[in-house]
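Work through the exercises below with the sequence and the model side by side. Try each task before reading its solution.

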Amino acid sequence: MGSRQRLFWCSDPYDLPASDGRFVRAAADNCAFHIRRCPEYAAIARRLGFSPDQLKTVEDLAKIPPIPTLFFKRHAVFSMPDRWPVAMRVTSSGTSGKFSQINFDWGCVLAEVPMILRLGWRHRLISPVPANCVVLGYKPDKHNRTGVTRTMFGLTFFSPPLRRTYALHYKNGTYVPDLDRVIRDLEGYASSPFPTRIIGFPSYLWFGLKRMEELGIRLKLRPGSRILLAGGWKQHYAQEVEKPRLYALVRTVLGVEEDHIHEFFGAVEHPIFFNACPRHRFHIPAYSRVVIRDVETLEPLPMGKAGLVNLISPLIKATPVTSVITDDLGYLEPGEACGCGIPSPTLTILGRVGLSDITTCAAGAAQLLGKGEGL
Ligand SMILES: [Zn+2]
């Protein structure tokens with residue numbers, strides 16, 4: 001078994017100290033692979049004076065060249081040539097018109113399986129009871145390779161899916177929303193003997209619930225119904241509501257309690273299955289490590305300080321995404337501070353910088369940080 005598979009198959013999902021050794025070995029092997037196979041990555045590593053043998057402890061992981069996700073939006077770089085069979089090519093949703101292309105190799109898909117099953121089991125997502133599914137996201141289409149579409153479709157399989165209703169349908173080259181149809185189907189599902197699973201963007205859930213409230217619709221979905229939220233608020237960021245308001249509306253309109261609402265975090269460039277704990281915090285799973293970096297100097301910051309979120313994982317070999325800097329701002333806190341019992345540190349995302357260039361990104365980050373005083 002290779003070092004990557006040992007990390008993904010053999011690690012307790014939230015015991016970071018126990019997986020540190022496996023993680024560092026897998027990361028060193030992963031970097032060595034990219035340096036051998038990807039000339040662009042080799043050039044970056046050379047310029048930064050990085051070589052995989054510098055990775056001895058988890059603290060050394062910050063030395064891996066952190067590549068901005070913006071780089072992958074401008075350059076298609078791969079560590080496996082086109083003639084090699086890759087499992088799939090996935091893109092970010094590209095709301096700004098630019099999107100990353102990330103190839104997934106078969107070893108990556110094999111490593112994702114135990115990660116998803118362990119975390120799905122741990123967070124009570126897996127059920128043998130069939131469910132009606134409402135996807136408040138894109139209906140899969142051959143023109144759509146976005147990671148979020150793949151994730152939402154994948155999430156429908158945590159219980160046997162009976163039927164799927166989608167909020168966004170591909171018509172004449174674009175996606176069009178149809179919330180009224182979703183609401184009609186949801187009313188039908190409420191009277192079915194099976195639970196319902198609503199999977200989707202939180203913004204669409206919010207708009208859908210507001211629409212139902214306007215129409216005076218109150219449902220009581222079957223016991224065991226769950227709500228799975230992925231993909232963030234996207235272009236509706238400005239309208240983000242406080243989570244407690246959303247949860248209260250879910251309880252009123254759908255009859256689903258807060259402990260049956262699950263949230264996920266991930267990125268196409270870092271497809272690690274981050275699950276929110278019962279207290280709605282994202283604890284870092286054993287398959288990922290997170291470094292928070294200063295927005296000006298990119299130096300790693302101590303726990304509690306806010307900065308740019310740098311995500312590290314040796315999951316993918318086909319694309320050199322071992323260490324990526326997102327345009328999200330966030331901070332880390334010790335796991336014990338949460339109080340839910342999961343020991344690994346938590347990652348809190350403050351917001352997306354959302355500007356088109358990493359230099360203006362740094363300035364925007366500073367501005368946003370000004371709002372987050374006291375962190
Ligand atoms: Zn927690």
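**Exercise 1.** Which backbone oxygen does the side chain of His169 reach?

*Solution.* Start with the ground rules. This is a predicted model, where local features need pLDDT of at least 70, side-chain atom pairs count only at pLDDT 80 or more, and totals for chains, interfaces and linings use all residues. Residues are numbered from 1 along each chain as its sequence is written, and side-chain values use heavy atoms, with hydrogens and water left out.

Step 1. Find His169 in strand E5 (residues 161-171). Strands (E, at least two residues) and helices (H or I, at least four) are DSSP runs, numbered from the N terminus.

Step 2. Look for the oxygen. The His169 side chain reaches the backbone oxygen of Tyr166 at 2.9 Å.

Step 3. His169 has a relative accessible area of 10%, so it is buried. Buried means under 20% relative accessible area, exposed over 50%, partly exposed in between (1.4 Å probe, protein chains only).

**Exercise 2.** Which residues coordinate the zinc ion, and through which atoms?

*Solution.* Step 1. List the donors: Cys277 (SG), His283 (NE2), Cys338 (SG) and Cys340 (SG), at 2.1 to 2.3 Å. Donors are N, O and S atoms within 2.8 Å of the metal (3.2 Å for Na, K and Ca); water is not among the atoms, so sites may look incomplete.

Step 1. Read the spacing along the chain: C-x5-H-x54-C-x1-C.

Step 2. Judge the geometry. The four donor atoms subtend angles of 98 to 115 degrees, so the arrangement is tetrahedral. For four donors, that label requires all angles to lie between 85 and 135 degrees.

Step 3. Compare accessibility. His283 is at 0%, so it counts as buried. Cys340 is at 26%, so it counts as partly exposed.

**Exercise 3.** How many bridges join E14 to E15?

*Solution.* Step 1. Count them: six, and the strands run antiparallel. Two strands pair if DSSP finds at least two bridges between them.

Step 1. Pick one bridge. Leu332 has Leu347 in E15 as its partner.

Step 2. Turn to E11. E11 and E15 pair in the antiparallel sense over two bridges. Here Phe282 stands opposite Leu347.

Methods. Tetrahedral: all angles 85-135°; square planar, octahedral: opposite > 155°, others 65-115°. Polar contact = N/O pair within 3.5 Å; in protein donor to acceptor, adjacent residues only side chain to side chain.
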